[in-house]
Amino acid sequence: MATIEECRSALDKLSENLAAADGDVRAAAALDRSLSCRVTDLDVTFVGRLRGGRIEVLDTVQGPPTEKAQIRLAMSGDDLVSMVDGELNFAKAWGSGRVRLEAALLDLFRLRKLL
């Protein structure tokens, strides 16, 4: 099972990958939205913002987030680390229910380019 530190490191790596992207991926990541990533097996949520093509983690809270973020992800720590490392395909994990993504419809359309 992935640790909180490994999950935080994976989010930092994902942020770096988004910042280095170009074209459609960079445009999709250029949203300015509140973001939460709930790691279900660790019962922890990383809370922050997707801004300027980067993920800024502002806080780590036990359990579910206290406020509803505009973009909400939920998955196990192992799945988070595997996706960022390129071992797990996000679209397949989302389609099978291993990963949950909730956002406004327009945001989902923009985010699909990241998939």
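A residue is called buried when its relative accessible area is under 20%, exposed when it is over 50%, and partly exposed in between. The legends below apply these terms to close-up views of a predicted model.

**View 1. Salt bridge between Glu 102 and Arg 72.** The side chains of Arg 72 and Glu 102 meet in a salt bridge, with an N to O distance of 3.2 Å. Because Arg 72 lies in strand β4 (residues 71-75) and Glu 102 in strand β5 (residues 100-103), the pair ties together parts that are 30 residues apart in sequence. Arg 72 has a relative accessible area of 18% and is therefore buried, under the 20% limit for that class. Glu 102, with a relative accessible area of 39%, is partly exposed.

**View 2. Salt bridge between Asp 107 and Arg 33.** The closest N and O atoms of Asp 107 and Arg 33 are 2.9 Å apart, and the two residues form a salt bridge. This pair links distant parts of the chain, with Arg 33 in strand β1 and Asp 107 in helix α5 (residues 105-111), 74 residues apart. The relative accessible area of Asp 107 is 6%, so this residue is buried. Arg 33 counts as partly exposed, at 24% relative accessibility.

**View 3. Salt bridge between Asp 32 and Arg 49.** A salt bridge joins the side chains of Asp 32 and Arg 49, at 2.9 Å from N to O. Asp 32 belongs to the loop between α2 (23-29) and β1, whereas Arg 49 is in strand β2, so the pair ties together parts that are 17 residues apart in sequence. Asp 32 is partly exposed at 38% relative accessibility, and Arg 49 is partly exposed at 21%. In the whole structure, a search finds 8 salt bridges.

View 4. Arg 8 lies in helix α1, which spans residues 4-20. With a relative accessible area of 31%, Arg 8 is partly exposed. When its neighbours within four places in sequence are left aside, Arg 8 is in contact with Phe 46 and Val 57. A separation of 9.6 Å is found between the C-alpha atoms of Arg 8 and Leu 80, which are 72 residues apart along the chain.

**View 5. Negative surface patch containing Asp 78.** Glu 5, Glu 6, Asp 41 and Asp 78 form a negative surface patch. Asp 78 is placed in helix α3, which covers residues 77-84. The relative accessibility of Asp 78 is 37%, so this residue counts as partly exposed.

View 6. Not counting residues up to four places away in sequence, Ser 82 touches Glu 87 and Leu 88.

**View 7. Backbone of Asp 43 in the loop between β1 and β2.** Asp 43 is found in the loop that runs between β1 (33-39) and β2 (44-51). The phi angle of Asp 43 is near 50°, a positive value in a residue other than glycine. Asp 43 is partly exposed, having a relative accessible area of 34%.

Methods. Residues are numbered from 1 along each chain as its sequence is written. This is a predicted model: local features need pLDDT of at least 70, side-chain atom pairs count only at pLDDT 80 or more; totals for chains, interfaces and linings use all residues. Side-chain values use heavy atoms; hydrogens and water are left out. Helices (H or I, at least four residues) and strands (E, at least two) are DSSP runs, numbered from the N terminus. Buried means under 20% relative accessible area, exposed over 50%, partly exposed in between (1.4 Å probe, protein chains only). Patches are made of residues with over 30% relative accessible area and no salt bridge: like charges are joined within 9 Å, nonpolar side chains (Val, Leu, Ile, Met, Phe, Trp, Tyr) within 5 Å. Accessible areas come from the Shrake-Rupley method with a 1.4 Å probe; for residues, only the protein chains shown count as cover. A salt bridge is a side-chain nitrogen of Lys or Arg within 4 Å of a carboxyl oxygen of Asp or Glu. Lys and Arg count as positive and Asp and Glu as negative; His and the chain ends are not counted. The place of a charge is taken as NZ of Lys, CZ of Arg, CG of Asp or CD of Glu. Contact means heavy atoms within 4.5 Å.
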